[in-house]
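Welcome! Have a look at the structure below and keep it at hand while you work through a few exercises.

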Amino acid sequence: MNKRILLLALILPMFFACKTKKYSRNNKEIEKAANKANPNIPSYTTLNYIEAFKAVAIEEMNAYGIPASITLAQGIIESGSGNSSLAKYANNHFGIKCTSEWKGKAYYKDDDKSNDCFRVYKDARESYKDHSEFLKRKRYSFLFELDKNDYKNWANGLKQAGYATNPRYPAMLISMIEKYQLYQYDQSESEKEKLKREDKIFTEINANIPQEKKKFTPVATPPSKQVITTPADTSAPAKTTVIGSVMPAAPAEKVYTVQKGDTLYNLSKRFNISIEDIKTLNSLSEEGIKIGQKLILVK
């Protein structure tokens with residue numbers, strides 16, 4: 001028994017040393033490729049960083065409702081204003097790790113564990129877009145009901161949802177936003193715009209829920225050569241929609257009048273009917289719903 005323990009004590013350090021060398025070689029290849037693609041990788045001041053990435057933060061805000069100020073503040077804090085090795089060589093500004101569905105390259109650095117696997121992006125813009133995808137999850141879904149210029153509640157909500165373990169994370173975000181006046185990039189939205197955005201984002205979040213565990217659980221190495229296919233669901237009957245058809249008459253008890261604050265997402269939950277079924281039953285376009293509109297919500 002003592003010989004086995006001694007043998008393990010000798011082998012394990014060699015094993016981990018080999019893995020560390022492998023990760024180090026991998027990182028050097030990533031860094032070499034990054035330097036070749038961009039021989040003059042910039043060093044940012046925080047003001048330079050904001051100027052460089054405010055446009056993509058605004059673009060993501062308009063698509064999903066994440067305040068541009070929140071996205072920029074997170075990028076500044078998590079990438080050291082774009083100067084961390086992860087940002088410079090992997091274009092990863094938000095510390096997003098490799099998961100089972102990630103098919104790209106990896107960059108390794110110590111984080112929660114030794115040699116954690118982080119995603120490598122072709123450019124920083126791709127990192128910003130993936131940050132939005134990362135937040136489109138059930139645990140963060142309540143945040144998308146906030147106004148897209150409500151950076152204070154977004155900051156507190158991110159901590160509440162478990163985005164960061166640092167208890168001061170909301171204060172750090174708010175301080176960064178107010179120090180650099182990042183709130184100037186946030187934009188208000190009309191009630192109609194908000195309802196339409198919520199319907200879009202909650203439809204995407206709901207569709208994503210069955211794959212969340214696989215999609216967001218970190219892995220030690222990216223399965224770059226692995227092809228993951230999702231079989232088609234053959235259990236549900238096919239639906240046929242007649243474009244331009246007149247909505248059929250329905251009994252009074254099956255008709256609901258849209259109230260202020262209603263969204264397709266909220267109605268689907270309240271009446272236990274999918275958003276797509278509501279759209280089909282009522283021949284709805286992509287414009288969303290209006291106050292006073294009558295809807296059939298029972299199949």
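The exercises below concern a predicted model, and each comes with a worked solution.

**Exercise 1. Find out how helix 3 sits in the structure.**

Step 1. Locate the helix: helix 3 covers residues 68–79, which makes 12 residues. From its first C-alpha to its last it reaches 16 Å, close to the 16 Å expected at 1.5 Å a residue.

Step 2. Look at burial, where the cut-off is under 20% relative accessible area. Among the buried residues of helix 3 are Ala 68, Ile 70, Leu 72 and Ile 76.

Step 3. Draw the conclusion: 10 of the 12 residues of helix 3 are buried, so this helix is largely enclosed by the rest of the structure.

Step 4. Ask what does the covering: the buried residues of helix 3 are covered by elements including helix 2 (46–64), helix 5 (124–135) and helix 7 (169–179).

**Exercise 2. Describe how strand 1 and strand 2 are joined.**

Step 1. Strand 1 (residues 106–109) and strand 2 run antiparallel, with 4 bridges joining them. Tyr 107 stands opposite Phe 118 in strand 2.

Step 2. The hairpin has 6 residues between the strands, and in it Asn 115 takes a positive phi near 55 degrees.

Step 3. Now check the directions in strand 2 (residues 116–119): Asp 116 and Phe 118 point one way, Cys 117 and Arg 119 the other, and all are buried.

**Exercise 3. Work out which parts the salt bridge of Arg 119 and Glu 101 ties together.**

Step 1. Begin with the distance: the closest N and O atoms of Arg 119 and Glu 101 are 2.7 Å apart.

Step 2. Compare with the cut-off of under 20% for buried. Arg 119, at 5% relative accessibility, counts as buried, while Glu 101, at 26%, counts as partly exposed.

**Exercise 4. Contrast the salt bridges of Lys 136 and Glu 198.**

Step 1. Lys 136 pairs with Glu 204, the closest N and O atoms being 2.6 Å apart. This pair links distant parts of the chain: Lys 136 is in the loop between helix 5 and helix 6, and Glu 204 is in helix 8 (residues 191–208), 68 residues apart.

Step 2. Glu 198 forms its salt bridge with Lys 194. Both lie in helix 8, 4 residues apart, about one turn of the helix.

Note on methods:
Residues are numbered from 1 along each chain as its sequence is written. This is a predicted model: local features need pLDDT of at least 70, side-chain atom pairs count only at pLDDT 80 or more; totals for chains, interfaces and linings use all residues. Side-chain values use heavy atoms; hydrogens and water are left out. Helices (H or I, at least four residues) and strands (E, at least two) are DSSP runs, numbered from the N terminus. The expected span of a helix is 1.5 Å times one less than its number of residues. Buried means under 20% relative accessible area, exposed over 50%, partly exposed in between (1.4 Å probe, protein chains only). Contact means heavy atoms within 4.5 Å. Two strands pair if DSSP finds at least two bridges between them. A salt bridge is a side-chain nitrogen of Lys or Arg within 4 Å of a carboxyl oxygen of Asp or Glu.
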